[in-house]
Amino acid sequence: HLSIRRQRQMCIRDSPYIYTGKIMTKIQKEIAGTIKACQNEIVEFIQEAVRLPSLADNEGPVQKLIADKLRSLDLYVERIPVHFEKIKAHPAFCDDGYSPDSRYNILGNWQNEKAGKSLILNGHVDVVPTGPPENWNESAWSGTLIKNRIYGRGSCDMKAGLSAGIFAVEILKKLGFAPNGSVQIQSVVGEESGGCGTLANIVNGYTADGAVILEPTSLRICPIQSGALTFSITIHGRATHAATRWEGVSAIEKFELVHQVIQELEKDRHQSFHVQYYERSDRVAPINIGTIRSGDWHSTVPEKLTAEGRLGVFPGESAGEARTALEEAIGKIAARDKWLAKEPPKVQWIDGQFESGQTSVEHPLVKTLLGCHESVTNDKGQLEGVTYGSDLRLFTNYAKIPTVLYGPGDVRTAHSANEYVEIEHVMTAVEVIANLIVRWCGGTIK
């Protein structure tokens with residue numbers, strides 16, 4: 001009889017369809033047991049990452065933490081500068097207004113030249129502003145552990161997810177596993193403001209047979225994402241004294257007409273598109289007005305208004321088609337109004353321009369991840385499309401890499417005060433990703 005070790009060496013190959021029977025069950029149990037023993041270490045690492053504020057242009061300290069951790073695992077670590085001069089010609093480039101040359105990504109490479117499939121585990125370390133401090137129960141950078149939750153900006157979105165990928169690799173290394181295909185951990189910047197970090201990796205030629213972005217999906221398997229295009233609308237009126245307001249034209253009142261047609265457009269677009277795998281068919285590609293600035297004196301009719309918002313893009317719809325839909329709707333209402341026909345609203349496309357993106361739900365990466373999730377949790381995995389933009393569209397649309405979003409945390413807590421992630425979610429994600437590496441890449445245990 002072959003020894004168990006020899007059987008493992010023979011059976012852990014690169015096909016996602018052969019992992020059945022006692023041998024795979026034993027490997028899964030070893031992964032689960034090792035993760036349980038490492039829980040405190042995993043939690044402490046996430047807390048340390050959260051305590052390093054990493055707003056845009058200030059990601060350096062947390063990137064150093066990530067790099068040091070990856071080196072401790074004997075991975076080959078690379079520092080990839082995010083230089084706008086190198087990526088600005090790319091059609092997906094967004095000038096996010098932050099430093100064009102001081103930010104950098106960290107890559108941890110677990111390399112093997114055998115014939116197994118390769119995998120990218122991608123996560124961003126940049127976080128959004130915290131908002132008013134008084135809205136937080138403790139400091140936004142506390143990393144506090146309360147009732148099995150880690151609190152702080154970036155805990156959910158998405159330092160816990162990135163940490164899950166890192167510790168999945170560490171667990172497998174502790175077990176003596178060596179993948180047939182290469183695994184690359186990508187710790188990137190600039191995701192929140194347009195994706196310059198992941199784009200820099202793609203422009204530099206980094207690729208793989210599949211990618212998992214460890215976004216907070218509540219452990220749902222999400223191979224489909226809507227897009228999100230940021231826009232501004234400028235409306236001009238005519239100022240006069242408020243006592244004779246009928247002699248002027250209020251830019252605010254004219255914006256009310258535009259806002260009404262935007263709300264109608266959102267409803268009409270959802271009736272004309274039919275997309276599977278979304279929880280609500282009427283909430284796939286929302287349109288939102290986020291800021292409005294108008295007027296400079298309470299007793300003056302406002303002569304100018306600028307509104308900024310976000311236009312959702314349906315999966316399968318191009319960014320150009322979505323832009324045209326908004327511009328035409330605003331143009332039609334302007335043509336029907338005597339003032340706006342003479343002074344048409346000006347629509348500009350600014351800041352983040354996230355296209356939609358998708359991977360077929362029938363792709364082997366999706367099916368393999370589903371199988372790993374189900375074997376770890378004993379629950380049927382849930383396929384779902386997400387309504388937010390992410391770096392998935394860069395991988396699928398430009399690098400042609402099949403990509404799935406999957407990670408710990410509920411996205412509804414992201415960007416909010418008292419953001420948190422459940423430790424149970426984190427531990428499950430580590431286990432699922434470790435099993436995915438084994439099944440997708442193949443390999444041997446020494």
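User: What radius of gyration would a compact globule with 446 residues have, and what does the chain have?
Analyst: A compact globule with 446 residues would have a radius of gyration near 22 Å, and the chain has 24 Å, which agrees. That radius is taken over C-alpha atoms, and the globule rule is 2.2 Å times the number of residues to the power 0.38. This is a predicted model, where local features need pLDDT of at least 70 and side-chain atom pairs count only at pLDDT 80 or more, while totals for chains, interfaces and linings use all residues. Residues are numbered from 1 along each chain as its sequence is written, and side-chain values use heavy atoms, leaving out hydrogens and water.

User: Which strands are in the open sheet of three?
Analyst: The order is 4-5-17, with antiparallel pairing; two strands pair if DSSP finds at least two bridges between them. Strand 4 (145-146) and strand 17 (420-422) are at the edges with a single partner strand each, so one side of each has no neighbour in the sheet.

User: And how many bridges join strand 5 to strand 17?
Analyst: Three bridges join strand 5 (residues 149-151) to strand 17. Tyr-151 stands opposite Tyr-420 of strand 17.

User: Which helix lies across strand 5 and strand 17?
Analyst: That is helix 6 (residues 155-174), running at about 45° to strand 17. Helix 3 (residues 39-50) lies across strand 4 and strand 5, at about 15° to strand 5. Contact here means heavy atoms within 4.5 Å. Axes are lines fitted to C-alpha atoms, for helices over the stretch in contact, and angles run from 0 to 180 degrees between N-to-C directions.

User: Switching topic: at what angle do helix 3 and helix 4 cross?
Analyst: Their axes cross at roughly 150° and come within 10 Å. That makes helix 3 roughly antiparallel to helix 4; angles under 35 degrees count as roughly parallel, over 145 as roughly antiparallel, 65 to 115 as roughly perpendicular and the rest as oblique. The contact residues include Phe-45 of helix 3 and Leu-65 of helix 4.

User: What about helix 11 and helix 13, at what angle do they cross?
Analyst: The axes of helix 11 (residues 364-377) and helix 13 (residues 423-441) cross at roughly 130° and come within 9 Å. The two helices are therefore oblique to each other. Among the residues making the contact are Leu-369 of helix 11 and Trp-440 of helix 13.

Technical notes. Helix = DSSP H or I, 4+ residues; strand = E, 2+ residues; numbered from the N terminus.
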